[in-house]
Amino acid sequence: MAPKIKKPAENSRFLGKYAPDFKLKDQDGNFHSLKNYANRIILLYFYPKDMTPGCTIEAEGFRDNFDELKKLGVVVLGVSADSESSHKKFCDKHKLNFTLLSDEKKEIIKKYGAWVKKSMYGKEYMGISRESFLIGKDGKIIKHYQKVNPDNHPEEVLRDVIRNQHTISSIQE
């Protein structure tokens, strides 16, 4: 049974605002920050845990859509509280072709509002919600995806970028 996320239906406090910056290590121990991706479109997606079924489906979806997203100028960055070594194993096992960032202290996860109260089988606990942020070339959040379905989220992002390519480009230029 999937956990229920207790969160308002719409949280648009991020839309149109500058995305919170970060400095996190990837699966290879290299640091990344938003400044590294100036003038690029970024999909920053938060997920609960490496190697779990839903997270694997979502990651493989981004892997399978990576070339199309890259052609459209989108950089894919995944974030969870897993360690760099866990990310490395996850990338290697599933042949992931994009960057996973480790936020073991959950500082960035909390800045983006992805650390939430959840419940499963009547028990409440804190955990990472599955949500994503599409960040424009100017560093502002264009879209906040909430209550993401891992089965179709990568395709949803791709459709949105294709559908809004002209708008995204004209806003950013």
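Phe 46 and Tyr 112 are both buried. They belong to a predicted model with five helices and ten strands. Here is a friendly tour, starting with the rings and moving on to the backbone, the overall packing and the confidence.

**Aromatic rings**

- Searching the whole structure turns up ten aromatic pairs.
- One of them joins Phe 46 to Tyr 112 in a tilted arrangement, with 5.3 Å centre to centre and 40 degrees between the planes.
- This pair connects distant parts of the chain, since its members are 66 residues apart. Phe 46 belongs to strand S4 (residues 41–46), while Tyr 112 is in the loop between helix H3 (107–111) and strand S7 (115–120).

- Most residues other than glycine have a negative phi, and two exceptions are worth a visit.
- Asn 39 has a phi near 65 degrees, a positive value in a residue that is not glycine. You will find Asn 39 in the loop between strand S3 (31–33) and S4.
- Asn 39 counts as exposed because its relative accessible area is 59%, and the cut-off for exposed is over 50%.
- Lys 147 is not a glycine either, yet its phi is positive at about 50 degrees. Lys 147 is placed in the loop between strand S10 (141–145) and helix H4 (153–163).
- The relative accessibility of Lys 147 is 54%, so this residue is exposed too.

**Packing and surface**

- Of the 173 residues in the protein, 49% are buried.
- Among contacts between residues at least 6 apart in sequence, 66% join residues at least 24 apart.
- The protein exposes about 9000 Å², and 50% of that area is supplied by carbon and sulfur atoms.

**Confidence**

- The mean pLDDT of the protein is 90, with 88% of its residues reaching 70 or more.
- Residues 1–10 are the stretch to treat with care: pLDDT stays under 50 there. For these residues the model has 26 contacts beyond four places in sequence.
- Where pLDDT is low, predicted coordinates should not be read in detail.

How values were computed:
Residues are numbered from 1 along each chain as its sequence is written. This is a predicted model: local features need pLDDT of at least 70, side-chain atom pairs count only at pLDDT 80 or more; totals for chains, interfaces and linings use all residues. Side-chain values use heavy atoms; hydrogens and water are left out. Rings of Phe, Tyr and Trp (its six-membered ring) pair if their centres lie within 6.5 Å; planes under 30 degrees apart count as stacked, over 60 as edge-to-face and the rest as tilted. Helices (H or I, at least four residues) and strands (E, at least two) are DSSP runs, numbered from the N terminus. Buried means under 20% relative accessible area, exposed over 50%, partly exposed in between (1.4 Å probe, protein chains only). pLDDT is the predictor's confidence in each residue, from 0 to 100. Contact means heavy atoms within 4.5 Å. Accessible areas come from the Shrake-Rupley method with a 1.4 Å probe; for residues, only the protein chains shown count as cover.
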